[in-house]
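Grab your viewer and follow along.

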Amino acid sequence: MIVWLNGAFGVGKTTTARLLTDALPDARLFDPEFLGSMLTAFVTAPTGDFQDLPLWRHLVVQTVTGLDRHHPGTWIVPMSLLVPAYRAEILGGVRAAGVDVREVVLTLPEDRLRARIDADQVESGARGWRHDHVARALAAFASVTDAHLIDASPPPEQVADAVAAHVTGDPEA
């Protein structure tokens, strides 16, 4: 099973993903950003965003389906997919390969999201990028109807518990 954590940059996907790897049996983390870093070592994304490279999207589908097929278990994938066509291409491609994908979108109101971005001391270098994409992210996720939305306002442990409960169907997870 793939647990795809989607949401705005800075909403808490990576923190939630790390907590989920401890909370769910056999859960492991796969961050598609590694593929973006690897790919951009060889080719330049004309827009500056590796998600705009068709090869990156292809590699994500192939890697996620390969991980599920060759290393079964629960894979936690924290990655913002703001472009609806890219989201459909990647998640649809993984599902078309017969892989169970549970997409969860972490949400926060704009003021709380911006405050969280400003308070982040771990990824402070990404602050500008994240702020520049807040409006786009909020617009993209406001229209999502085919994913489970979870409020990311509570402490990270409670957010991870809510995600675990959703993906396992166990309210005690």
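Predicted model: local features only at pLDDT ≥ 70, side-chain atom pairs only at ≥ 80, totals over all residues.

Residues are numbered from 1 along each chain as its sequence is written, and side-chain values use heavy atoms, with hydrogens and water left out.

**Salt bridges**

- Searching the whole structure turns up six salt bridges, each being a side-chain nitrogen of Lys or Arg within 4 Å of a carboxyl oxygen of Asp or Glu.
- One of them joins the side chains of Glu89 and Arg57, at 2.7 Å from N to O. That pair links distant parts of the chain, with Glu89 in helix α4 (residues 84-96) and Arg57 in helix α3, 32 residues apart. Helices (H or I, at least four residues) and strands (E, at least two) are DSSP runs, numbered from the N terminus.
- Arg57 counts as buried at 8% relative accessibility, while Glu89 is partly exposed at 34%. Buried means under 20% relative accessible area, exposed over 50%, and partly exposed in between (1.4 Å probe, protein chains only).
- Arg114 and Glu110 also form a salt bridge, their closest N and O atoms being 2.9 Å apart. These two are four residues apart in helix α5 (residues 110-119), so about one helical turn separates them.

**Around Glu103**

- Glu103 sits in strand β4 (residues 101-107) and is buried, with a relative accessible area of 4%.
- Arg87 forms a salt bridge with Glu103, with the closest N and O atoms 2.6 Å apart. Arg87 is in helix α4 and Glu103 in strand β4, so the pair ties together parts 16 residues apart in sequence.
- Arg87, Glu103 and Asp146 are linked in a network of salt bridges.

**Aromatic rings**

- Arg57 turns up again here, lying over the face of Tyr86 at 4.0 Å from the ring centre. The call needs NZ of Lys or CZ of Arg within 6 Å of the ring centre and within 35 degrees of the ring normal.
- Phe50 and Trp56 are both buried.

**Surface patch**

- Met38, Phe42 and Val43 make up a nonpolar patch on the surface, with about 320 Å² of accessible area together. Patch residues have over 30% relative accessible area and no salt bridge; like charges are joined within 9 Å, nonpolar side chains (Val, Leu, Ile, Met, Phe, Trp, Tyr) within 5 Å. Areas come from the Shrake-Rupley method with a 1.4 Å probe; for residues, only the protein chains shown count as cover.
- Val43 lies in the loop between α2 (33-40) and α3 (54-70).
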